[in-house]
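Please keep the structure in view while reading.

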Amino acid sequence: MKYEVLHLLKKSSTTFLSGQLISEKLGVSRTSIWKYIKSLKEDGYIIDSSSKKGYRLISSPDILTFEEVNPYLKTNHMGKKILHFESINSTNNKAKELSEKGEDHGTVVISEEQVGGKGRLGRSWCSPKYKGISLSIILKPNINPMEAPKITQIAAAAMIESLREFNINAKVKWPNDIIIRGKKVCGILTEMSGELNRVNYIIVGIGINANLDKDDFSEDLLDRATSLKIETNTSINRKSLVGMLLNKFEFLYAEFQEKKQIELSIKICKNNSAVIGKNIKVVRNNNEKCAKALDLDGDGRLVVQYKDGSLEKLVSGEISIRGLNQYI
Ligand code: BTN
């Protein structure tokens with residue numbers, strides 16, 4: 001009901017709405033309306049209250065609730081339900097827990113802060129409250145588990161395409177990093193629950209360094225990480241970016257769902273690859289091997305050539321790659 005009050009306030013824009021009118025429209029008492037208004041104010045909404053004229057919404061907070069992201073959504077499934085948290089351990093863990101209980105395909109978990117955010121290969125992921133974007137998309141595809149890594153490429157492509165809409169040129173450092181000028185702005189962690197030939201659910205976790213400032217990064221991270229704000233010298237509209245990302249993700253995911261192919265996503269990842277054509281180190285179980293990154297195949301595997309001329313198609317799993325002298 002609180003959000004129905006908010007909806008009415010948003011619709012009436014700058015005009016005052018009387019408590020009487022809201023209470024008639026929603027069929028609840030004026031005292032309840034007052035309580036919902038109070039709660040909205042506690043959430044950060046600035047609402048003008050006048051005993052004679054009623055209520056008027058002045059501004060909305062920078063939070064990633066369904067009510068705030070929905071105006072930017074053009075999707076049929078992705079994000080049509082958003083579960084929003086102020087603080088949480090990890091959105092991926094929450095999404096898993098919900099999936100086990102039967103949460104639907106397309107539901108998105110977003111938190112303003114994670115206290116146990118996870119990265120790939122057991123690393124941690126941190127993102128200061130209200131500055132980054134931490135979200136997890138629940139997917140329930142009817143696919144073989146071997147196909148799951150393709151979803152990381154879809155998410156990477158959706159991210160590249162979304163940033164392009166904000167005039168930001170980013171690149172993909174295979175398999176799951178999005179980088180700008182050689183530094184990481186976004187990481188993707190795809191996790192799966194399944195059996196040998198069946199997927200129960202897939203969680204696509206996306207962490208974006210949106211409006212972080214330099215002093216939000218630890219000294220050692222500053223060499224390798226950056227934020228959209230640092231790179232563009234301006235704060236990004238987080239709600240609009242989340243909406244854009246879900247729109248692009250749904251569009252690219254449709255190709256996978258319908259044809260079990262990700263041609264379009266691969267094309268985007270290839271055209272915006274930070275590694276293809278470069279000499280890299282392939283890191284596997286603490287072993288490093290020099291190679292040249294040659295291509296991305298149709299399944300999203302990175303084709304590399306070692307010094308002895310042999311070729312290998314890398315599957316993301318336990319492998320990471322590095323530039324010869326730096327992060328990339
Ligand atoms: C990486 O770069 O290694 C992947 C980072 C993924 C971070 C995101 S933030 C939202 C989701 N929840 C998590 O705990 N991790 C992912």
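Domain bounds, as used here, come from an automatic or database domain assignment. The assignment for this chain gives domain 1 (2-59), domain 2 (66-271) and domain 3 (279-323). Between the C-alpha centres of domain 1 and domain 3 the distance is 57 Å.

The model is predicted, so local features need pLDDT of at least 70 and side-chain atom pairs count only at pLDDT 80 or more, whereas totals for chains, interfaces and linings use all residues. Residues are numbered from 1 along each chain as its sequence is written, and side-chain values use heavy atoms, with hydrogens and water left out.

UniProt positions are given in the numbering used here, with shortened feature names, and the annotations may be inferred rather than shown by experiment. An unreviewed UniProt entry marks residues 19-38 as "DNA-binding region". Secondary structure is taken from DSSP runs, numbered from the N terminus: helices are H or I runs of at least four residues, and strands are E runs of at least two. By that assignment, the span 19-38 is 85% helix and 0% strand, and its end C-alpha atoms lie 13 Å apart. The unreviewed entry also lists residues 67-257 under "domain: BPL/LPL catalytic". Over residues 67-257 the chain is 29% helix and 24% strand, with end C-alpha atoms 28 Å apart.

The ligand comes next. A residue is counted as near a molecule if one of its heavy atoms lies within 4 Å of it. The ligand is surrounded by 21 residues, of which the closest are S90, Q114, K118, R120 and K184. Three of these residues can be described by their polar contacts, a polar contact being a pair of N or O atoms within 3.5 Å; within protein, one atom must be able to donate a hydrogen and the other to accept it, and residues adjacent in sequence count only if both atoms are side-chain atoms. A polar side-chain atom of K184 is 2.4 Å from a ligand oxygen atom. For R120, a backbone N or O atom lies 2.6 Å from an oxygen atom of the ligand, and for K118 a polar backbone atom lies 2.7 Å from a ligand oxygen atom. Taken alone, the ligand exposes 410 Å², and the protein buries 99% of that; such areas come from the Shrake-Rupley method with a 1.4 Å probe, and for residues only the protein chains shown count as cover.

Most residues other than glycine have a negative phi, and most peptide bonds are trans. The bond joining W174 and P175 is a cis peptide bond, with omega about 0°. P175 sits in the loop between strand 6 (171-173) and strand 7 (177-180). S273 itself belongs to the loop between helix 9 (263-271) and strand 10.

Positive phi values occur at Y130 and at N286. Y130, with phi near 70°, is in the loop between strand 4 (108-111) and strand 5 (133-139). N286 likewise has phi near 70° and occupies the loop between strand 10 (279-284) and strand 11 (287-296). Where do Y130 and N286 stand in terms of exposure? Buried means under 20% relative accessible area, exposed over 50%, and partly exposed in between (1.4 Å probe, protein chains only). Y130 therefore counts as partly exposed, because its relative accessibility is 34%, while N286, at 76%, counts as exposed.

S273 counts as buried at 17% relative accessibility. T107, in the loop between helix 5 (91-100) and strand 4, is buried because its relative accessible area is 2%. The side chain of T107 makes a polar contact with the side chain of E103 at 3.0 Å. V242, in helix 8 (residues 238-259), is buried at 1% relative accessibility.

Finally, the cysteines may be considered. With a disulfide defined as a pair of cysteine sulfur atoms within 2.5 Å, the structure holds 0 disulfides. C186 is in no disulfide, and the nearest cysteine sulfur, that of C269, is 11 Å away. C186 is buried, with a relative accessible area of 0%, whereas C290 is partly exposed at 33%.
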